[in-house]
Amino acid sequence: MTFRAPLCDRCILQRVRIAEPIDGTHRAAPFAAVIVDYPSEDDLEEGRLLSGRGGNLFQQALDGVGVQRSRLDIVTALACRPRDGNMKRVDAQHRMTLRAQEVQGVPENQRLLHPMIACRPRLLSEIERTTNVVAAGSIALQSLALDKMPPVDSAQGNILDLMCADGVARKVI
């Protein structure tokens, strides 16, 4: 089942993504939510998040700490994978498009959005049932906090008490 968030049509990735989004995995009573930046190439081939080599490493890490994958919600910060996984290109394209839309007089509420803005309502709704979050990537962490972002270097490997963009305090690692 492929979802469409309310802001997908305004997202810059809508024009440059390489595949349809992959739904996250949701449990009845999750221990935690794991947020990956966006689907990997392996995920797109398998139709499941955290598959392939990255999924194997993830499973090894879970086994090492005694957590079962079946106790976790697994979601993406960005629903779509950018071409070549190149977010710098997406950032640059978004900036250029915004400038062009401003010059053309496109109303602000109709301009294309950065994927972190467009996907944030979907992401927050997908993690609303848990206060324990593993942000597995810088985009995942930035998507949670956005304008309240702690420095990524200080966040890496630490447990943060983070007030997320939806106003909910969460433990984020």
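A residue is called exposed when its relative accessible area is over 50%, and buried when that area is under 20%. The structure shown in these close-up views is a predicted model.

**View 1. D84 in the loop between β2 and α4.** D84 belongs to the loop that links β2 to α4 (87-104). The relative accessible area of D84 is 60%, so this residue is exposed. Its phi lies near 60 degrees, a positive value in a residue other than glycine. Most residues other than glycine have a negative phi.

**View 2. L50 in the loop between α2 and α3.** L50 is located in the loop between α2 (41-46) and α3. Although L50 is not a glycine, its phi is positive, at about 55 degrees. Because its relative accessibility is 13%, L50 counts as buried.

**View 3. Helix α3 and its extent.** Helix α3 spans residues 52-65, 14 residues in total. From the first C-alpha of α3 to the last, the helix reaches 20 Å, close to the 20 Å expected at 1.5 Å a residue. Just after α3 comes G66, which takes a positive phi of about 75 degrees.

**View 4. The buried and exposed sides of α3.** Within α3, the residues G55, F58 and L62 are buried. These residues lie on the same side of α3 because they cover an arc of only 60 degrees around the axis. The face turned away from the buried side of α3 carries the exposed residues R53, N56, L57, Q60, D63 and G64. The elements that cover the buried residues of α3 include the strands β1 (32-36) and β2 (72-76).

View 5. Strand β2, one of the elements covering the buried residues of α3, is itself mostly covered, with 5 of its 5 residues buried. On one side of β2 are L72, I74 and T76, and on the other are D73 and V75. Both faces of the strand are covered, and the residues named on each side are all buried.

**View 6. Pairing of β1 with β2.** Strands β1 and β2 run parallel and are joined by 5 bridges. V36 has T76 of β2 as its bridge partner. T76 is also among the buried residues of β2, on the side that carries L72 and I74.

Note on methods. Residues numbered from 1 in each chain as written. Predicted model: local features only at pLDDT ≥ 70, side-chain atom pairs only at ≥ 80, totals over all residues. Heavy atoms only, no water. Helix = DSSP H or I, 4+ residues; strand = E, 2+ residues; numbered from the N terminus. Expected span 1.5 Å × (residues − 1). Buried < 20%, exposed > 50% of the residue type's maximum accessible area, 1.4 Å probe, protein only. Arc of directions from axis to C-beta. Contact = heavy atoms within 4.5 Å. Pairing = 2+ DSSP bridges.
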